[in-house]
Amino acid sequence: MKNLAIVGTGYVGLVTGVCLSEIGHNVICIDIDQGKIDKLNSGKSPIFEPDLEELMIKNIKSERLYFTTDHSEAFKNSEVIYIAVGTPQKSDGFADLTSIEQAAIQIGLHAKRDVIVVTKSTVPIGTNEKIKNIILQYLVSDIKVDIVSNPEFLREGSAVRDTFYGDRIVIGAECQDAANLIEEINKPFQIPIFRTDIISAEMIKYASNAFLATKISFINEIATICEKIGANVEDVAIGMGQDSRIGYQFLKPGLGYGGSCFPKDTNALFHIATHEDYSFALLKAVIDVNKKQQTLLVDKVKQRFGILEGKKFAVLGLAFKPNTDDLREAASIVNITRFIEEGAEVIAFDPVAMQNAKRILPATVQFAQSIEEAIHGTDAVFIVTEWKEFIDFPLNKYVELMKKPIIFDGRNCYSIIKMMGYPIEYYSIGRPVVNENYNK
Ligand code: UDX
């Protein structure tokens with residue numbers, strides 16, 4: 001078992017640290033935020049992620065997992081240091097590498113034994129080279145430093161599961177001994193390992209996310225055409241997915257992709273290509289389609305109501321997807337902001353993301369404690385995140401509680417056949433409208 005340090009206790013760092021300790025390694029996680037470190041050492045996870053807190057508590061108790069703000073303490077005995085700090089998007093579209101550079105400086109100053117530095121953060125092509133140069137520039141001890149690119153592919157909401165049952169682990173390295181050691185560390189996960197050079201590993205991450213984003217924008221455009229010609233996009237997606245060359249996954253139409261990765265990584269890859277004098281036209285279209293898709297319900301409701309002023313709307317779902325409290329690039333933000341700008345009153349509900357939402361959404365947004373409270377007396381309900389609670393919600397309650405039951409479903413939570421049995425106007429994505437203008 002190895003002594004490992006992880007720099008950054010955000011989403012990627014925390015999940016990676018907890019899972020590596022669970023397979024038997026000694027892990028020290030570092031963050032500059034003392035409050036966060038104290039909370040982590042007491043067994044409290046700062047993020048909502050299934051199974052994470054339980055595994056964290058278990059490994060803290062087994063003394064295989066520890067959190068600190070002290071780089072020298074963390075790096076003293078570490079054979080491998082993972083960099084898992086954030087690389088947010090700057091206003092020019094490129095990734096902000098400030099935290100990466102800071103991590104590299106700290107490694108140079110405090111590493112005391114030969115070390116392999118593993119980059120988990122998604123970084124622009126060539127960044128690993130830069131990391132190595134910064135470490136060497138600040139290096140105090142006479143030690144050997146090797147760099148490995150080991151991008152993560154975990155999804156929020158199933159991050160722990162994805163770490164244990166992922167499709168592949170990519171290891172990009174120049175030094176084969178370093179690659180061998182990282183392979184050995186990851187062996188207990190029993191996931192296929194793919195080895196390549198550093199630049200190709202960096203590109204695998206961007207290309208994978210860009211491809212998945214392309215699938216989503218593609219099916220969203222197909223959905224729009226389905227609406228125009230009277231087809232049902234769900235059947236179209238099933239029929240497409242039966243072709244194993246296409247596959248079923250990531251063909252779910254909706255209000256576009258959000259979250260911390262797809263928007264940021266597609267923009268970053270587009271800018272990387274532009275920087276190399278290449279116009280990545282397909283990816284540009286993917287990004288543009290997504291932007292349009294996020295506010296599709298605003299267009300639909302304006303078509304139905306004309307003006308929105310004085311209307312009371314319920315928004316169900318604020319997180320960018322279910323099973324997370326993350327609102328980064330969530331469709332809820334743009335939709336709610338537009339409703340408010342157009343003069344509507346908004347009452348929102350989300351099973352776990354309301355705390356975060358209160359910090360981000362316009363101050364006039366009201367928050368309900370239940371679905372019932374949110375939809376009560378409203379002119380229309382908008383489903384923005386497909387939480388199980390919404391899917392399981394009895395449809396007759398919309399009829400009972402709303403002024404006139406009108407639902408705009410941005411995630412296709414209910415079957416068209418089922419909706420036909422209720423006096424509800426139902427507008428969804430890429431499927432026929434049910435009871436169109438019934439309440440007009
Ligand atoms: C993604 C990648 O899946 C993961 O491999 C990478 O490491 C980080 O980015 P994540 O952002 O957590 O993970 O969520 P994911 O489940 O992939 O969904 C991203 C967005 O796409 C969500 O907004 C989701 O609603 C949307 N989506 C996904 C669709 O609109 N349709 C689909 O069919 C699938």
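Predicted model: local features only at pLDDT ≥ 70, side-chain atom pairs only at ≥ 80, totals over all residues.

Q: How many bridges join β1 to β4?
A: Two strands pair if DSSP finds at least two bridges between them. Strands (E, at least two residues) and helices (H or I, at least four) are DSSP runs numbered from the N terminus. Here β1 (residues 3-7) and β4 (residues 80-83) run parallel and are joined by four bridges. Leu 4, for instance, has Val 80 as its partner in β4.

Q: Which helix packs on this sheet, touching β1, β2, β3 and β4?
A: Contact is judged by C-beta atoms, placed from the backbone, that lie within 7 Å. Axes are lines fitted to C-alpha atoms, for helices over the stretch in contact, and angles run from 0 to 180 degrees between N-to-C directions. The helix is α1 (residues 11-22), whose direction makes about 165 degrees with that of β2 (26-30). Helix α6 (residues 127-138) lies across β5 (115-119) and β6 (145-149), at about 155 degrees to β6.

Q: Is β1 mostly covered or uncovered?
A: A residue is buried if 20 or more other C-beta atoms lie within 10 Å of its own, exposed if 12 or fewer, and partly exposed in between, with C-beta atoms placed from the backbone. β1 is mostly covered, as four of its five residues are buried. With β2, β1 pairs in the parallel sense over five bridges, and Ile 6 stands opposite Cys 29 in β2.

Q: What is the handedness of the crossover from β1 through α1 to β2?
A: Point the strands away from you: a crossover is right-handed if the path from the first strand over the helix to the second runs clockwise. This β-α-β crossover is right-handed.

Q: What is the strand order in the open sheet of six strands?
A: The order is β11-β10-β9-β12-β13-β14, with parallel pairing. β11 (366-367) and β14 (425-427) each have a single partner strand, so one side of each is left without a neighbour in the sheet. Further in, β9 (residues 312-316) and β12 (residues 380-383) pair over four bridges, and Ala 314 has Val 381 in β12 as its bridge partner. Helix α13 (residues 296-305) packs on this sheet, touching β12, β13 (406-409) and β14.

Q: Which residues of α14 are buried?
A: In α14 (residues 331-341) they are Ala 331, Ser 332, Ile 333, Asn 335, Ile 336 and Phe 339. Their packing partners include α13, β9 and β12. Gly 343 follows α14 and has a positive phi, near 95 degrees.

Q: Why does Gly 239 count as exposed?
A: Gly 239, found in helix α10 (residues 233-241), counts as exposed because it has 10 C-beta neighbours inside 10 Å.

Q: How many residues surround the ligand?
A: A residue is near a molecule if its C-beta atom, placed from the backbone, lies within 6 Å of it. Here 19 residues surround the ligand, and the closest are Glu 156, Lys 252, Tyr 257, Gly 259 and Cys 261. Helix α9 (residues 198-229) gives the most to this shell, with three residues.

Definitions and conventions
Residues numbered from 1 in each chain as written. Contact = placed C-beta atoms within 7 Å.
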